[in-house]
Amino acid sequence: MVKDINIELSGIKKSYDKPVLKDICLSVTNYSYVTIVGKSGSGKSTLMNILGLIEGFDGGIYRFNDTVIKKGKDYSKLRYENIGFIFQSYNLIPTLTCRENIMLPLVYSSKQSGSLDEIIESLDIADLLDKKVTVLSGGEKQRVAIARALLLNPSLIIADEPTGNLDPVNTKIVLDLLEKENKKGRAVIMITHDDTIAREARKVYRLENGVLHENY
Amino acid sequence: MIEKTFNNYLLLSVTAFLSFAMMFGYLIYTDSESYNKYKDLFAVNPNVIFSYNDAQSKNELRAVTKQLDKLSDTHYYYMKQCVAQTSFGKECEVRFIPSYVWGLYMTSDNSEVGTSRAMINGKHEVSIGVNEALVSEQVYNSIKPDKDGKKQLKLIFTNDEGKRVLRKYDVAAAYSDLNEYHDDLETSYSIGAVYLNIGSVDEGECGIINLALFIYTEQKDFVIQQLRKSDVACMEVYTTQNQAVLDIKNGIMNKYIIAAVLFILLGINLYSSFTNALNDRKFEIGVKRAIGAKKSSIMLQFVIEGFTVMLANTLLSVWAVLNLMNVYKFVKEIVFNEKYIVTINTESLILFVVFTFFLTLIFSLLFAYKSTKVEIVKYLKEEL
């Protein structure tokens, strides 16, 4: 059972040396499947980090369910209760085995894992569990990373270039998995620079010069 | 997980181990050296003062005893000394003592008071009657018992005019003191002193050659001053013990200074080792924070890890230093034939515990605090 998710960004601004995001407005709920495309350096990852509550913003309003997100506050609880991250570089801890990486979120959450066996089976990673991350292929790493992201049954999956380092076969596997999780009611936000992959989503946004345009 | 964490902390572990071993080693080495240097000195009662003089110093000693009589917490007795001939042809030293003494007298090399107390029938004190003698075990064994089973010592005294007189004494007890004589009576140069009651022989019959004054006092400074003022010998350990106490105090001061310098130097080393360990773990922290770890969870993890590493290395360094000191002790005893005791005093132990506790506390907390300052985004991007 996927929990309700309702996030809303309104007029979000972010600058480093120069403005990166200008008046970003975005709304995501259960079953949303959104991709954000844009050139390298367009601010896609910054937007993803803001959405994922791991980076603050300079202006605007961000509502995450009933919580108004404020700058400088730590939202670790909202993160582990609601968000599963999938990164282009997998971000698996190399000193841990696949099983330890997958189980890592449980160290920080008392929330019972809903369907560990089901996740392992659906991602076909049973044989990888006791292997070190460093011996896995890119596709295998990404599947382990997805298992970790799904472990706490998140209502929102944020995927930053999840297929960026994968071959076509593994790209299809990952996209199918995202599609499948989205159909269960999870909201999916995917960042990509690949238009073909972006079309997998129901809604595609293009980030250009810090402004978010709805593509279709 | 423990093995992986240990690998990550290897450099830190080596630094902490060496740091703590250096500190503990320094403390235990200086304490052991100091203890072994002074242990004999402090075993001697500083309240006992001894003045050993020739018979001509009688008047000077009398002047001293007049002063001593005025002190309520001071006791003394005379020991007079002469030379006599035994019935078995050996010359021996005769010491006249009061019927009751404390069992303290000079060593065989006349250097110190009380460091070589003879055991007399297992006790340090003896009471000798007017017709009784206390002899060495060697003399005791050489005297044949009479038909009643009693042993009698016959001594021939010669006075200043050359007049000889024979006296007989029942042997009251025998003392054993290996420093005093050799086992073989025929070849020995000394058969040990014979102790007699001071009333046993008139002074005019035996030709007193030396006078000794044994003093037990609580007012050591005053008594030492009186002896020196009267120009008589003064053998005491009180002054030497005071000097040793000063040396030990200086040693303690040095200990604190060195501990403070080590604290700073090792602190700098540990800081850099902790920083290295943290740099290696920044990606891990970033990932953990991204998947929902609170700052407090990360902080707790690093406090626990920091404490564990430091505690393990503290125990390891103590174990290693103790083993090393035992090797040192073994070398001292086997190679140099010196009895050596490995020890650390309470003060040093407290200093070491405080030293390690504060280094552990400061750096574990600093380490943990710095771990929470890791920017999630920055380190997630860096690991590719």
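The contact draws on 22 residues of chain B and 22 residues of chain A. The model is predicted. Between them, chain B and chain A bury about 1,900 Å², and 66% of that area is on carbon and sulfur atoms. The second largest pocket holds about 550 Å³ of space, and among the residues closest to its centre are A:Ile54 and B:Arg289.

- B:Arg289 pairs with A:Asp74 in a salt bridge, where the closest N and O atoms are 3.4 Å apart.
- Residue pairs in polar contact between chain B and chain A number 2, with both residues at pLDDT 80 or more.

**The side of chain B that touches chain A**

- Helix 7 (238-290), helix 8 (295-334) and helix 10 of chain B each supply at least two residues to this side.
- Helix 7 of chain B gives the most, with 6 residues.
- By class, this side of chain B has 11 nonpolar, 8 charged and 3 polar residues.

**The second largest pocket**

- The pocket has a volume of about 550 Å³.
- It is lined by 24 residues, and the closest to its centre are A:Ile54, A:Glu55, A:Gly56, B:Arg289 and B:Ile376.
- Helix 10 (residues 376-382) of chain B gives the most to the lining, with 3 residues.
- The lining has 12 charged, 9 nonpolar and 3 polar residues.
- B:Arg289, one of the residues closest to the pocket centre, is also the chain B partner in the salt bridge with A:Asp74.

Note on methods:
Residues numbered from 1 in each chain as written. Chains lettered and ligands numbered in written order. Predicted model: local features only at pLDDT ≥ 70, side-chain atom pairs only at ≥ 80, totals over all residues. Heavy atoms only, no water. 1 Å grid on protein atoms, 1.4 Å probe; cavity = no way out; pocket = protein on both sides within 12 Å on 5 of 7 lines; lining within 4 Å. Points joined across faces, edges and corners; volume = space filled by probe spheres on them. Helix = DSSP H or I, 4+ residues; strand = E, 2+ residues; numbered from the N terminus. Nonpolar A, V, L, I, M, F, W, Y, C, P; charged D, E, K, R; others polar. Contact = heavy atoms within 4.5 Å. Buried area = accessible area lost by both parts, 1.4 Å probe. Salt bridge = Lys/Arg side-chain N within 4 Å of Asp/Glu carboxyl O. Polar contact = N/O pair within 3.5 Å; in protein donor to acceptor, adjacent residues only side chain to side chain.
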